[in-house]
Amino acid sequence: MLHIQARSHVNLPEKLARNLRARRGQQTQDVFARKSGISRATLTRLESASQNTTLKTLDQITKSLRCDEGNLFK
C-alpha cells in the first residue's frame, strides 16, 4: 500500500495579513497607508487576506516597515 503524506497548505495571503497587522502595531490603517503610499482600502483588503498584493505594493510596505519581504511571509 502506498502512503503519501499531504503537505500542509501554505496560505501566503493569511501570513501576510497576520504579519502586516502585527508590524503596523498601534498605527491606524489610515496613518500606515499614507506612510506606505497605498490606499487604506488596499491595506484593509491585505490585512483581511481578501486581496493579493503586487510587487510594487509589497515594496512600498516593506520600505515603510523597514523589513525584507520574507519577514512578512514567515
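Which side chains meet in a salt bridge of 2.7 Å, N to O? They are the side chains of Glu47 and Arg24, where a salt bridge is a side-chain nitrogen of Lys or Arg within 4 Å of a carboxyl oxygen of Asp or Glu. The model is predicted, so local features need pLDDT of at least 70 and side-chain atom pairs count only at pLDDT 80 or more, while totals for chains, interfaces and linings use all residues. Residues are numbered from 1 along each chain as its sequence is written, and side-chain values use heavy atoms, with hydrogens and water left out.

Helices here are DSSP runs (H or I, at least four residues), numbered from the N terminus. Glu47 is buried, with a relative accessible area of 5%, and Arg24 is also counted as buried, at 14%; buried means under 20% relative accessible area, exposed over 50%, and partly exposed in between (1.4 Å probe, protein chains only).

The axes of helix 1 (residues 12-24) and helix 3 (residues 40-47) come within 7 Å and cross at roughly 120°. That makes helix 1 oblique to helix 3. Axes are lines fitted to C-alpha atoms, for helices over the stretch in contact, and angles run from 0 to 180 degrees between N-to-C directions; angles under 35 degrees count as roughly parallel, over 145 as roughly antiparallel, 65 to 115 as roughly perpendicular and the rest as oblique. In helix 1, Pro13, Leu16, Ala17, Leu20, Arg21 and Arg24 meet Leu43, Leu46 and Glu47 of helix 3, contact being heavy atoms within 4.5 Å.

By the same rule for salt bridges, the count comes to three. Another joins the side chains of Arg40 and Asp30 (3.4 Å, N to O). This pair links distant parts of the chain, with Arg40 in helix 3 and Asp30 in helix 2, ten residues apart. Arg40 is partly exposed at 40% relative accessibility, and Asp30 is partly exposed at 37%.

The side chains of Asp59 and Lys63 also meet in a salt bridge (3.2 Å, N to O). Both residues lie in helix 4 (residues 55-65), four residues apart, about one turn of the helix. Asp59 is partly exposed, at 30%, whereas Lys63 counts as exposed, at 59%.

Finally, Ser36 has its place in helix 2 and is buried, with a relative accessible area of 5%. Not counting residues up to four places away in sequence, Ser36 touches Gln60, Ile61 and Ser64.

Key. Helix = DSSP H or I, 4+ residues; strand = E, 2+ residues; numbered from the N terminus.
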